[in-house]
Amino acid sequence: MGGAVSAGEDNDELIDNLKEAQYIRTELVEQAFRAIDRADYYLEEFKENAYKDLAWRHGNIHLSAPCVYSEVMEALDLQPGLSFLNLGSGTGYLSSMVGLILGPFGVNHGVELHSDVTEYARQKLDFFIKTSDSFDKFEFCEPSFVTGNCLEISPDCTQYDRVYCGAGVQKEHEDYMKNLLKVGGILVMPLEEKLTKITRIGPSAWETKKILAVSFAPLIQPCRSESGISHPVQLPLLVVRSLQDLARIAIRAAIKKTIHQETASKNGNGQNTPRFKRRRTHRHRVETIVFLDEEVFASRISNPSDDNACEDWEEERQENEGRAPPAVKPDPPMNFLRERVLSLPLPDPLKYYLLYYREK
């Protein structure tokens with residue numbers, strides 16, 4: 001059993017390693033991964049494994065390896081305001097990261113086969129909203145989860161801009177998955193042992209790209225009742241936001257803009273203070289195998305060579321000779337939005353509304 005990248009000591013170091021190995025390639029994806037701590041989606045007794053590039057399964061609860069999720073996020077080419085459907089939404093970890101990019105005017109739906117996992121995902125979503133400072137750094141598209149078999153979605157459902165399926169799709173279900181997409185939409189799914197990106201470029205025209213060699217457990221086929229009657233899965237309704245909610249979004253955005261302008265003015269150049277810099281290491285990507293469970297694994301072959309390894313190690317040795325004592329990792333940054341809202345001359349109920357009644 002092996003990981004595609006080295007284990008991290010915390011969530012940020014895991015993301016550093018994924019970036020260095022070129023699994024995370026864009027700023028939007030990096031921000032989403034850093035904003036949500038992967039360990040928060042583990043049961044307490046298993047959290048020591050959260051920052052390894054390995055999958056985790058306990059009963060029906062399952063998380064794919066970070067390198068797989070990062071490839072999925074990059075392939076989906078997410079943008080604010082899009083609609084997203086997650087088939088096999090599991091713990092909601094991926095859906096929550098997607099929601100940070102979609103923003104308040106996106107659509108974020110998930111279908112999960114197991115009711116206990118759906119409840120687990122709702123609990124984790126509630127925990128994120130109530131306790132994470134990252135929630136205030138983004139305008140969030142909150143996921144909505146329903147329980148059911150994703151192969152039984154009602155035929156009159158809306159189509160989506162982005163669709164991901166987290167289980168192996170049999171060839172006979174390929175067209176079913178494609179029909180969930182709008183024209184211009186992107187579908188990412190395991191198909192014929194390849195993580196595959198399919199773009200709908202016309203009503204009956206498609207572009208297909210193979211991303212990553214994988215072997216996922218196949219989708220579970222629907223169980224017919226004794227009467228032979230199926231029960232279509234009804235996806236969440238598309239809800240129009242209230243004027244009150246739109247006002248909250250606008251006020252929070254205005255406060256964030258003011259804080260950003262003040263910070264830029266103080267810094268002079270408008271640049272943020274750099275993150276804590278870790279000791280630089282030199283890794284070279286090789287063929288890897290990530291075992292997700294007894295039936296599921298993902299592999300990746302990359303092309304960088306080790307030709308410059310000696311030069312890299314010599315460079316690191318020279319750096320070590322002149323290195324100052326290790327820097328102390330700074331405390332987590334202050335939640336400026338929360339502090340600003342609490343300082344406003346407003347009635348307390350309005351302040352709490354602007355803060356989504358968060359406990360922290």
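1. Buried here means under 20% relative accessible area, exposed means over 50%, and partly exposed covers what lies in between (1.4 Å probe, protein chains only). By that rule Phe135, at 4% relative accessibility, counts as buried. The model is predicted: local features need pLDDT of at least 70, side-chain atom pairs count only at pLDDT 80 or more, and totals for chains, interfaces and linings use all residues. Residues are numbered from 1 along each chain as its sequence is written, and side-chain values use heavy atoms, with hydrogens and water left out.

2. The protein chain has 10 helices and 11 strands, taken as DSSP runs (H or I, at least four residues, for helices; E, at least two, for strands) and numbered from the N terminus. Of its 360 residues, 47% are buried. Among contacts (heavy atoms within 4.5 Å) with a separation of 6 or more, 64% join residues 24 or more positions apart.

3. The largest nonpolar core has 57 residues, and Phe33 and Met73 have the most contacts inside it. Such a core is a set of buried Ala, Val, Leu, Ile, Met, Phe, Trp, Tyr and Cys residues joined through side-chain atoms within 4.5 Å. Elements giving two or more residues to this core include helix 1 (11-20), helix 2 (27-35), helix 3 (66-76) and strand 9 (205-215). Leaving aside residues up to four places away in sequence, Met73 touches Val29, Ala32, Phe33, Leu78, Leu94, Met97, Val98 and Ile101. Another core, of 22 residues, lies apart from it, with Tyr160, Leu180, Met189 and Val233 among its members.

4. The whole structure holds nine aromatic pairs. Rings of Phe, Tyr and Trp (its six-membered ring) pair if their centres lie within 6.5 Å; planes under 30 degrees apart are stacked, over 60 edge-to-face, and the rest tilted. Phe135 and Tyr356 are an edge-to-face pair, 5.1 Å centre to centre with 90 degrees between the planes. Phe135 is in the loop between helix 5 and strand 5 (144-147), whereas Tyr356 is in the segment after helix 10 (348-354), 221 residues apart. Tyr356 is partly exposed, because its relative accessible area is 25%. Phe128, Phe135, Phe140 and Tyr356 form one aromatic cluster.

5. Tyr353 and Tyr357 also pair edge-to-face, at 6.2 Å and 75 degrees. Tyr353 is buried at 13% relative accessible area, while Tyr357 is exposed at 53%.
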